[in-house]
Amino acid sequence: MSGALKTEAVVLRSLKYGEADRILHLYTPHRGRIAAIAKGVRRAKSRFGGRLEPYFRLQMVLYEGRSELLTVTSADTITGHSHLREHGPALDSAARACDAVSRLFETADPHPGVFALLCNELALLDARPEQATLANQLAFRLKLLLAAGLAPQLAACAACGEADHLAAFSGAAGGVVCSACEATGFRLGEEAHAFMTGALGAALADAPTAGEQALRQAERAIADTVEHHAHVRWRSASAALDRRL
Ligand SMILES: [Zn+2]
């Protein structure tokens, strides 16, 4: 395939390359994650201005030749998320969200739902930067798991189907497990369980929150799921967010 690719894209990463170029990792609705080179972008009079920075949502034209690396022909800003950049925790959350997408959806497989979810998360962090909490990041990651077909089973024991006494979580089993099957998992309290169920069922902006211990348990359940079923390790969901629980 060779020619012009017209697409929306979110800039996941932007790396300096050579004297004046940048390599971009982009997430697109219909081509998944792609890499592109923007030539001369670091020169003062570049026609791209400051647009090819992380978290920009762009309307782009890319030239696709024989190389895996596409070439940026044009880029127009849909939104630059400028508020998010003025708020440390929101910026940190945006970076973790982009990194999570980049690691779990690293191929050209189309996942328009993932693109929409990432756009929603960035728009939320931009409009309401105070929402950059650990609970928000975990809700986002749960929704990424859902989009990847990896959502943990939360309604009944993932090992035996028992609907009561769900006290633990097992990434290997694929969800919550009952007290009889608990040996395969780690303890997951009611509050963490309720948080995960609530987060999967609510819009990102309306995702529930929970106490620190419950959120830590939920984070471990999410990390175990993505490691076991996708062989992906995500960065911790928090760091700078720890103080904002
Ligand atoms: Zn069981």
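Leaving aside neighbours within four places in sequence, Ser102 is in contact with Leu12 and Arg33 in this predicted model. Ser102 itself sits in helix 1, which runs over residues 88-104. With a relative accessible area of 8%, Ser102 counts as buried, because that value falls under the 20% cut-off.

Next come two helices that pack against each other. A pair like this is described by the angle between the two axes and the distance between them. Here the partners are helix 2 (residues 112-127) and helix 3 (residues 134-147), with an angle of about 170 degrees and axes 10 Å apart. The two helices are therefore roughly antiparallel, since the cut-off for that label is an angle over 145 degrees. On the helix 2 side, the contact is made by Val114, Leu117, Leu118, Glu121, Leu124 and Leu125. Helix 3 brings in Asn136, Gln137, Phe140, Lys143, Leu144 and Ala147. Sorted by type, the residues of this contact come out as eight nonpolar, two polar and two charged.

Then there is the zinc ion. Its protein donors are the SG atoms of Cys157, Cys160, Cys178 and Cys181, lying 2.3 Å from the ion. Along the sequence, these donor residues follow the spacing C-x2-C-x17-C-x2-C. The angles among the four donor atoms run from 106 to 115 degrees, and the site is tetrahedral. For comparison, the ideal angle for four tetrahedral donors at a metal is 109.5 degrees.

Conventions: Residues numbered from 1 in each chain as written. Predicted model: local features only at pLDDT ≥ 70, side-chain atom pairs only at ≥ 80, totals over all residues. Heavy atoms only, no water. Donors = N, O, S within 2.8 Å, 3.2 Å for Na, K, Ca; no water. Tetrahedral: all angles 85-135°; square planar, octahedral: opposite > 155°, others 65-115°. Axes fitted to C-alpha atoms, helices over the stretch in contact; angles between N-to-C directions. Helix = DSSP H or I, 4+ residues; strand = E, 2+ residues; numbered from the N terminus. Parallel < 35°, antiparallel > 145°, perpendicular 65-115°, else oblique. Contact = heavy atoms within 4.5 Å. Nonpolar A, V, L, I, M, F, W, Y, C, P; charged D, E, K, R; others polar. Buried < 20%, exposed > 50% of the residue type's maximum accessible area, 1.4 Å probe, protein only.
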